[in-house]
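Here is a briefing on one protein chain. Have the sequence and the 3D view open as you read.

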Amino acid sequence: MLNSLLLPEVQWMRLYSAILVAMMLIGCDKPPTLEQGMSLYTQSQFGPAASALQPYADKGDYRAQLILGMAYLQKDIKDDAKSAHYLKLAADQGDVDAMYFLGRAYLDGKGVSQNTTVGESYLTKASEAGSIAALRELGNRHADLYRVSNSSVEALKAIKCYEKAFLLGEGSAALMISSTYGSGSISDKYLAAVWNAVFQLTKTSQKTSDAFRFLPADQKDKAMMDSYAMYSKFSSMKPAKSFLDEVR
């Protein structure tokens with residue numbers, strides 16, 4: 001009977017943290033601090049977090065604007081229009097996370113009128129700032145168009161995005177490059193195999209021979225050398241500093 005009343009340790013910790021924050025706020029003349037608002041967000045207390053963060057967001061704090069925009073994406077207090085509003089305020093101040101999520105909002109027509117051009121422009125700005133998420137999203141969009149149209153232009157655009165994401169430390173981008181080279185107008189069995197091996201290296205640092213099983217024997221040694229050369233560039237660039245990473 002007693003065991004059935006016990007909460008998992010993680011739930012107890014969340015409850016305890018929420019009670020502590022509530023005790024700090026109740027009976028206190030001072031408004032919640034920005035840090036307290038952030039703490040509520042990380043505890044998934046999205047309603048209280050929004051109330052605490054809104055004054056700071058309205059005064060122009062990009063961190064509060066970003067987190068408030070994220071909070072309004074959660075199902076507890078979901079409001080796409082408010083989310084887009086605060087994300088735009090943060091994006092206009094150059095926050096890379098906000099640019100990415102605002103771009104997605106325009107692409108999906110959530111909280112704003114759907115506009116592919118505007119959406120992709122925000123994703124492009126975020127990608128140029130070093131957002132892996134934006135590069136991955138843009139790469140996927142070009143790859144989807146390549147599969148439909150078989151346009152080599154779209155394929156090369158996708159690869160360019162994936163390559164930059166790879167240099168920023170996104171190992172799965174190597175697999176996407178391999179997949180893009182795997183079929184269609186730019187089909188290249190050699191490059192598909194090399195990038196497949198590169199992806200394996202990001203996972204284990206030790207290539208398996210399976211990546212080159214479809215290549216002629218006289219190409220395998222060169223392919224192995226090329227895969228290691230490409231892998232050596234992995235994480236050679238720094239991704240954009242993400243405030244959301246700090247919050248998480």
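The points below go from the whole chain to single residues.

This is a predicted model. The protein has 14 helices and zero strands. Its mean pLDDT is 89, and 87% of its residues reach 70 or more. Over residues 1-7, however, the pLDDT is below 50.

**Overall build**

- Read along the sequence, the pattern is α-α-α-α-α-α-α-α-α-α-α-α-α-α.
- The protein has 248 residues, and 39% of them count as buried.
- Take the contacts between residues at least 6 apart in sequence: 53% of these join residues at least 24 apart.
- The exposed surface comes to about 14,000 Å², with 55% of it supplied by carbon and sulfur atoms.
- The stretch of residues 1-7 has two contacts in the model beyond near neighbours in sequence.

**Nonpolar core**

- In soluble globular proteins, nonpolar side chains tend to be buried together.
- The largest nonpolar core here holds 66 residues.
- Tyr41, Leu66, Ile67, Leu102, Tyr181, Trp195 and Phe212 touch the most other members of that core.
- Helix H12 gives the most to this core, with eight residues.

**Helix H10**

- H10 spans residues 152-167, which is 16 residues.
- From first C-alpha to last, H10 reaches 22 Å, close to the 22 Å expected at 1.5 Å a residue.
- Its buried residues are Glu154, Ala155, Ala158, Ile159, Cys161, Tyr162, Ala165 and Phe166.
- Seen down the axis of H10, these buried residues fall within an arc of 165 degrees, so they line one face of the helix.
- The cover over the buried residues of H10 includes helices H9 (132-149), H11 (172-181), H12 (189-204) and H13 (217-231).
- Just after H10, Gly169 takes a positive phi of about 110 degrees.

**Helix H11**

- Ala173, Ala174, Ile177, Ser178, Thr180 and Tyr181 are buried in H11.
- Around the axis they cover an arc of only 160 degrees, which puts them on the same side of H11.
- H9, H10 and H12 are among the elements that cover the buried residues of H11.
- Tyr181 of H11 is buried, and Tyr181 is also among the residues that touch the most other members of the largest nonpolar core.

**Phe101**

- Phe101 sits in helix H7, residues 96-108.
- Phe101 counts as partly exposed because its relative accessibility is 22%, and buried means under 20%.
- Leaving out residues up to four places away in sequence, Phe101 touches Met70, Leu73, Leu87 and Leu244.
- Phe101 and Tyr122 are 21 residues apart along the chain, and their C-alpha atoms are separated by 8.7 Å.

- Most residues other than glycine have a negative phi.
- Asn150 has a phi near 60 degrees, a positive value in a residue other than glycine.
- Asn150 lies in the loop between H9 and H10.
- With a relative accessible area of 39%, Asn150 is partly exposed.
- Ser235 also has a positive phi, near 60 degrees.
- Ser235 lies in the loop between H13 and helix H14 (243-247).
- Ser235 counts as partly exposed, at 41% relative accessibility.

Methods
Residues are numbered from 1 along each chain as its sequence is written. This is a predicted model: local features need pLDDT of at least 70, side-chain atom pairs count only at pLDDT 80 or more; totals for chains, interfaces and linings use all residues. Side-chain values use heavy atoms; hydrogens and water are left out. Helices (H or I, at least four residues) and strands (E, at least two) are DSSP runs, numbered from the N terminus. The expected span of a helix is 1.5 Å times one less than its number of residues. Buried means under 20% relative accessible area, exposed over 50%, partly exposed in between (1.4 Å probe, protein chains only). The arc is that of the directions from the helix axis to the C-beta atoms. Contact means heavy atoms within 4.5 Å. A nonpolar core is a set of buried Ala, Val, Leu, Ile, Met, Phe, Trp, Tyr and Cys residues joined through side-chain atoms within 4.5 Å. pLDDT is the predictor's confidence in each residue, from 0 to 100. Accessible areas come from the Shrake-Rupley method with a 1.4 Å probe; for residues, only the protein chains shown count as cover.
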